[in-house]
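Thank you for making time for this; I would like to take you through a handful of side-chain arrangements, beginning with a charged residue and then turning to rings, a helix and ion pairs.

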Amino acid sequence: MKIITLFFLLSSSLLYAQKQVDICIYGGTSGGVMAAVAAKRLGKSVLLIEPGQHLGGMTSGGLGLTDIGNKYAITGLSLHFYRRLGQHYGPFEQWIFEPHVAEDLYKTYVKEDKVEVLYGYRIQSAKKNKTTLEEITLETASGGQTQRIRAKMFMDCSYEGDLMAKAGVSYRVGREANADYKETYNGVQLLEGHQFPDGIDPYKEPGKPESGLLWGISPEKLAARGEGDRKVQAYNYRICLTKNPNNRVAITKPEDYDPSRYELVLRLMQKKPWKTLNDGFIWSNMPNEKTDINNRNGFSTDMIGMNYEYPEASYEKRAEIIRQHENYTKGLLYFIGNDPRVSESIREQMQQWGYPKDEYTDNNHWSPQLYIREARRMVGDYVMTQANCEGKETVTDGVGLAAYTMDSHNCQRIVIEKDGKQMVKNEGNVEVGGFAPYPISYRSLIPKASECTNLLVPVCMSATHIAYGSIRMEPVFMVLGQSAAVAASMAIDRKTSVQAIDGRNIQKLLLKDPLLNGSAADVVVDDAQSSDVQITGDWNQEKAGSYAHSLLSTQSKAPAAVRFTPTLPATQAYQVYVYVPRRKDASSQTVFRIYDGSQMQTVHLNKEQVIVEGQTSGAWIPLGTFKLPAGKKAYVEITNEKADGAVVADAVQFVQAK
């Protein structure tokens, strides 16, 4: 009996120490969760590894005011996520949400699809046979236990790219020179965004260089514009606070609090006094009296220049950098609310806020996720660049769309001389947009074939610093994670490499089955689909604020209408939505006519019914539920009847009613 028991214990230990799956996904970020769900829905065995204890990365870590650019870019499971948030809050889609609501939803996804999640293990090493990644070894944070994972396909969905690096895949840290890829917004950029006004003295004793620089200012000299370096754009926390007294924990003095770190805030206030907290923070309101606070102006929540080591640092060094960012941020909040040199009105405003009792309950109500805006970036066969963002170069193997501005936070804080005076300036901020959604190449998600043939990297993907700044949005990571899971599944089924998969085949599958569960795809008719859109009267084509690439608008007094005719897959009830952009000159009402194949119904939409959340340019507004016939027999017509301002015809969506 003892021999049998010993054999059982040894077997159990071996099973725990080594595991075999079809697809191993490292990183429980938003992209990692959706990759795991997609792989399971495609019938593959999956292990999702999360080094921490939480799912969702920044989406559940405080970034509740979703950075998106254009809703047209968000598809599949990613779009499904925001619609399920809508089920929680009320609207059709919800793009502004509380951290715990997002994390609960990610947990629901992995539970529903029976995704196995391994928490608390981080990568220690990787074993390759030529170009095949065969096995990775994991360790607990304490180093007390290890586990080996073997898989047919691996995916790195971490923000840091640790699996990619252990697998020997080429990557880049920092900024390329503009000349490397014929760009104009990469490399050193001393621009005006989130900048100090002229004249802020950088020295501890104003006018006395011998007194030393204030905390947070680098002694480095400004390099030539466009020059490359290894500097990384600033990290910060997206801060969730609440003003609800019943849900509020006081903001107290953090460890190693040092008010001298915030001297530059005082000098900013002296130069331009604050009237509200929005003068120093992007203070965005969230549901249930909460916030998503982001960096604003010259000195705020970004801890500029303090993260250069992070991408390639040891786990211990990273933990130290994270702790420094946490203490810096908590110290800034405490300073604004308590330092007597801050105006009384600002201190009173700050004291109305505190940490929410119902968020991050296992981490003293503070987010466990530092915003790692950028760490390693893979260098694959195809590198996404500024030319892709601006539409000057377009790929045909796109497996997702990006739509955000080319965005970089500041990379360093230095001293410059202007008009004979020494002053502090930030360097590295870029915010350049105005372009349409553009495709992200499948080839940018895979390593070079000579380096690894069974690894996909949808988060630390192959892009230059400035292009990555446009792509690196949480909803896009979910789209790319799903596409990468489809590619991995295809490679397994065909017994081939990820490089042998054609991105166009991924496109076809996801267009047909966007949720990978056989549910019908929504039918969207956009104004640019000329074969499905009939225009009567005088309309102008515009780009600003549109869904997809354009919209039609009119302020004509003569009758005008745009008819959207869908091709519907079945005769049944459909929920019909119209896309309404945010604009000040909109008519107080718009008249819609819905033809169901036999009779016409009229719907009036008042301006007050159109609520556009946060950073999104528009919203899907419901017109109602209608039983519509299959084929091209029904239509929705947008008219300027009774209009007293601009009427917009952009897109109409038909969703099969459950």
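**A buried aspartate, and what surrounds it**

In this predicted model, aspartate 156 is buried and yet takes part in no salt bridge, since the nearest side chain of opposite charge, that of arginine 376, is 6.7 Å away. For a salt bridge the nitrogen and the carboxyl oxygen would have to be within 4 Å. Aspartate 156 itself is found in strand 6, which covers residues 146-156. Leaving aside residues up to four places away in sequence, aspartate 156 touches a set of residues that includes Tyr26, Gly161 and Met164, and also Leu455, Leu456, Val457, Pro458 and Val459.

As for arginine 376, its charged end sits over the ring of tyrosine 171, 5.0 Å from the centre of that ring. There is another arrangement of this kind to look at, in which the charged end of arginine 84 sits over the ring of tyrosine 109, 4.8 Å from its centre.

Let me turn to the rings. A pair of aromatic rings is described by the distance of the centres and the angle of the planes. A search of the whole structure finds 26 aromatic pairs, and I will pick out a few. The rings of tyrosine 82 and phenylalanine 97 have centres 6.3 Å apart and planes at 50 degrees, so this pair is tilted. Because tyrosine 82 lies in helix 3 (residues 76-89) and phenylalanine 97 in the loop between helix 3 and helix 4 (99-112), the pair ties together parts that are 15 residues apart in sequence. Tyrosine 82 counts as buried because its relative accessibility is 0%, and phenylalanine 97, at 1%, counts as buried too.

The next pair is formed by tyrosine 547 and tyrosine 579, whose ring centres are 5.1 Å apart and whose planes stand at 50 degrees, so that this pair is tilted. It links distant parts of the chain, 32 residues apart, with tyrosine 547 in the loop between strand 24 (540-542) and strand 25 (551-554), and tyrosine 579 in strand 27 (residues 572-581). Tyrosine 547 and tyrosine 579 are both buried. Elsewhere, ring pairs join Trp215, Tyr257, Tyr262, Phe299, Tyr328, Tyr334 and Phe335 into a cluster.

Next comes a helix: why can helix 6 be called largely enclosed by the rest of the structure? The reason is that seven of the nine residues of helix 6 (residues 263-271) are buried. The buried residues of helix 6 are Glu263, Leu264, Val265, Leu266, Arg267, Leu268 and Met269. What covers them includes strand 8 (203-205), helix 7 (315-338), strand 17 (412-418) and strand 18 (421-427).

That leaves the ion pairs, where the count comes to 47 salt bridges. Glutamate 135 forms a salt bridge with arginine 150, with the closest N and O atoms 3.2 Å apart. This pair links distant parts of the chain, glutamate 135 being in strand 5 (residues 132-140) and arginine 150 in strand 6, 15 residues apart. Glutamate 135 counts as buried at 7% relative accessibility, whereas arginine 150 is partly exposed, with a relative accessible area of 24%.

The side chains of aspartate 358 and lysine 290 also meet in a salt bridge, at 3.0 Å from N to O. Aspartate 358 lies in the loop between strand 13 (355-356) and strand 14 (376-378), and lysine 290 in strand 12 (residues 290-295), so the pair ties together parts that are 68 residues apart in sequence. Here aspartate 358 counts as partly exposed at 32% relative accessibility, while lysine 290 is buried, with a relative accessible area of 1%. Finally, salt bridges that share partners join Asp201, Glu263, Arg267, Asp339 and Arg341 into one network, and Glu263 and Arg267 bring us back to helix 6, where they are among the buried residues.

Technical notes:
Residues numbered from 1 in each chain as written. Predicted model: local features only at pLDDT ≥ 70, side-chain atom pairs only at ≥ 80, totals over all residues. Heavy atoms only, no water. Helix = DSSP H or I, 4+ residues; strand = E, 2+ residues; numbered from the N terminus. Buried < 20%, exposed > 50% of the residue type's maximum accessible area, 1.4 Å probe, protein only. Lys, Arg positive; Asp, Glu negative; His and termini not counted. Contact = heavy atoms within 4.5 Å. Phe/Tyr/Trp six-rings, centres within 6.5 Å; stacked < 30°, edge-to-face > 60°. Lys NZ or Arg CZ within 6 Å of the ring centre and 35° of its normal.
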